[in-house]
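Subject: Structure handover

Hi there,

Here is the structure I promised to pass on.

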Amino acid sequence: MKCPICKHGNTHQGVASITLERGSSTMMFKNVPAEVCENCGEAYHDAKITRSLLEQANQAAQHGVELDVRRYATA
Ligand SMILES: [Zn+2]
């Protein structure tokens with residue numbers, strides 16, 4: 001698809017690293033499937049993946065995790 005951010009590049013199937021913050025918890029997910037813009041590097045995730053990441057971040061925050069780096073795994 002055409003990138004809505006820079007309006008120049010096209011996105012391609014790839015992977016990206018995502019960092020989420022929940023209060024004092026920082027979660028980093030690697031190898032998250034994404035559509036990545038060839039021009040500006042913006043990554044787009046589908047709703048199912050975004051929901052899964054937010055769930056995992058909320059769980060980590062509840063457990064008092066300060067910093068967590070994990071490889072994305074489909075639930
Ligand atoms: Zn772009």
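Below is what I found, going from the whole chain to single residues.

First, the ground rules. This is a predicted model, in which local features need pLDDT of at least 70 and side-chain atom pairs count only at pLDDT 80 or more, while totals for chains, interfaces and linings use all residues. Residues are numbered from 1 along each chain as its sequence is written, and side-chain values use heavy atoms, with hydrogens and water left out.

The overall picture

The protein chain has one helix and four strands, with helices (H or I, at least four residues) and strands (E, at least two) taken as DSSP runs numbered from the N terminus. Starting at the N terminus, the order is β-β-β-α-β. Along the principal axes, the C-alpha atoms fill a box of roughly 40 × 25 × 15 Å. The chain exposes about 5000 Å², and carbon and sulfur atoms supply 50% of that; accessible areas come from the Shrake-Rupley method with a 1.4 Å probe, and for residues only the protein chains shown count as cover. Of the 75 residues, 29% count as buried (buried is under 20% relative accessible area, exposed is over 50%, and partly exposed is in between, with a 1.4 Å probe and protein chains only). Among contacts (heavy atoms within 4.5 Å) with a separation of 6 or more, 52% are between residues 24 or more positions apart.

The zinc site

Which residues hold the zinc ion? Its protein donors are the SG atoms of Cys3, Cys6, Cys37 and Cys40, at 2.3 to 2.4 Å. Donors here are N, O and S atoms within 2.8 Å of the metal (3.2 Å for Na, K and Ca); water is not among the atoms, so sites may look incomplete. The angles among the four donor atoms run from 106 to 115°, and the site is tetrahedral, a label that four donors get if all angles lie between 85 and 135 degrees. In sequence, the donor residues are spaced C-x2-C-x30-C-x2-C. Cys6 lies in the segment before S1 and Cys37 in strand S2, so this pair ties together parts that are 31 residues apart in sequence. Cys6 counts as buried because its relative accessibility is 18%, and Cys37 because its value is 3%. The disulfide count is zero, with a disulfide being a pair of cysteine sulfur atoms within 2.5 Å.

The nonpolar core

A nonpolar core is a set of buried Ala, Val, Leu, Ile, Met, Phe, Trp, Tyr and Cys residues joined through side-chain atoms within 4.5 Å. The largest one has 12 residues, among them Ala16, Met27, Phe29, Val32, Ile49 and Tyr72. Strand S1 (11-22), strand S2 (25-37) and helix H1 (47-62) are the elements that give two or more residues to this core.

- Met27 lies in strand S2 and counts as buried, at 0% relative accessibility. Its contacts include Ile18, Leu20, Ala57, Ala60 and Arg70.
- Ala16 sits in strand S1 and is buried at 14%.
- Ile49 is in contact with Val32, Pro33 and Tyr72.

Enjoy exploring!

Best wishes

Notes:
Tetrahedral: all angles 85-135°; square planar, octahedral: opposite > 155°, others 65-115°. Lists of a residue's contacts leave out its neighbours within four places in sequence.
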